[in-house]
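The sequence and structure are shown first, and the points are then grouped by topic.

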Amino acid sequence: MAGSSGLGGGARGRQGAGAGPEAALRASRAPLLLVALVLGAYCLCVLPGRCPPAARAPAPAPAPAEPPRAARSPGAPGLPVASGPGRRRFPQALIVGVKKGGTRALLEFLRLHPDVRALGSEPHFFDRCYERGLAWYRNLMPRTLDGQITMEKTPSYFVTQEAPRRIHGMSPDTKLIVVVRNPVTRAISDYAQMLSKTPGLPSFRALAFRQGLGPVDTAWSAVRIGLYAQHLDNWLRYFPLSRFLFVSGERLVSDPAGEVGRVQDFLGLKRVVTDKHFYFNATKGFPCLKKAQGSRSPRCLGRSKGRPHPHVPEAVVQRLRDFYRPFNRKFYQMTGQDFGWD
């Protein structure tokens, strides 16, 4: 027992002797690990995520003696259409932008319409998941009956270079809805969302400008998204202006029934969603639904919508207003609408 104790004491002595350098090494690595964690969290906020899983198909029924031929979609020859009540179809309309403009609110408002069937999640097919193929994409869509419209919304499509060509390849008749908002307010809202996920981010000013209040950094996504005229130029290479409806994010808050009415007209739908469906929630500062889809009680959008913005110095805001002004004016000319941001 004594020998055993001596061996144990020797081991402990050797461990104690090496503890000093090892502890110093661990201490020196700690700041590097902290920086790596912050950068990793930031990347999770701004880099594309994973593709959503395809809708799970029901268990196959026993085949009849003479199975009927699968119907074909006129928009994509060779792709079978699901059987059963209704069909899974390619969307006839897409909400393609913009992030933090009010796209989620518009989709939820439109889902009140009995002739609108919309995918709740953002599939990111035309920007992240295109290699999975059109059959996979259509299998994500809800089933619709004749006369109903299939929709989805993915706001990053508007700023994705390849998205217009890919959507045109699916169907050149697709109707495109773009919800736009004052690009300065939109950028701050975008930053607020990033900050909620990554509290250690640099300040808005540090990200929006190079070298203090130097040139505006258009490489930062929060700034780049607001260059609406540049993005629209890319889309007009594939679609005429008549295929677009530009919705004001500001009026979607101040007059939701009016803006949703314009969308219903654009989609060729009867104006079913009207002012009787909305009430203004003073706490959130947003309109809410008096009766949400599939519910008997009122419902507002989630807590992430309408979150308070961080304070941004007025000098920073003014610099961004000046920067965006020529881009805004070009956008007004291109769309034939003055959104009143200047």
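**Aromatic contacts and disulfide bonding**

Tyrosine 332 and phenylalanine 339 are both buried. The rings of these two residues form a tilted pair, with centres 6.2 Å apart and planes at 40°. Across the whole structure, which is a predicted model, a search finds 26 aromatic pairs.

- The buried positions of α8 are Tyr228, Ala229, His231, Leu232, Asn234 and Trp235.
- Tyrosine 228 has a relative accessibility of 1% and therefore counts as buried, the cut-off being under 20% relative accessible area.

- A pair of aromatic rings is described by the distance of the centres and the angle of the planes.
- Among the 26 aromatic pairs found in the whole structure is that of tyrosine 228 and phenylalanine 331, which is tilted, at 5.5 Å centre to centre and 55° between the planes.
- Tyrosine 228 belongs to helix α8 and phenylalanine 331 to helix α11 (residues 314-335), so this pair ties together parts that are 103 residues apart in sequence.
- Phenylalanine 331 is buried, its relative accessible area being 1%.

**The aromatic cluster**

- One aromatic cluster is formed by Phe158, Tyr228, Trp235, Phe239, Phe244, Phe246, Phe331, Tyr332, Phe339 and Trp341.

**A charge over a ring**

- Lysine 175 lies over the face of phenylalanine 266, at 5.5 Å from the ring centre.

**Disulfide bonding**

- How many disulfides does the count come to? The count is 1 disulfide.
- A disulfide is a covalent bond between the sulfur atoms of two cysteines.
- In this model the disulfide is formed by cysteine 288 and cysteine 300, with their sulfur atoms 1.7 Å apart.
- The link of cysteine 288 and cysteine 300 is right-handed, with 100° about the S-S bond.
- This pair links distant parts of the chain, 12 residues apart: cysteine 288 is in strand β9 (residues 286-289), and cysteine 300 is in the loop between β9 and α11.
- Cysteine 288 and cysteine 300 are both buried.

Key:
Residues numbered from 1 in each chain as written. Predicted model: local features only at pLDDT ≥ 70, side-chain atom pairs only at ≥ 80, totals over all residues. Heavy atoms only, no water. Buried < 20%, exposed > 50% of the residue type's maximum accessible area, 1.4 Å probe, protein only. Helix = DSSP H or I, 4+ residues; strand = E, 2+ residues; numbered from the N terminus. Phe/Tyr/Trp six-rings, centres within 6.5 Å; stacked < 30°, edge-to-face > 60°. Lys NZ or Arg CZ within 6 Å of the ring centre and 35° of its normal. Disulfide = S-S within 2.5 Å.
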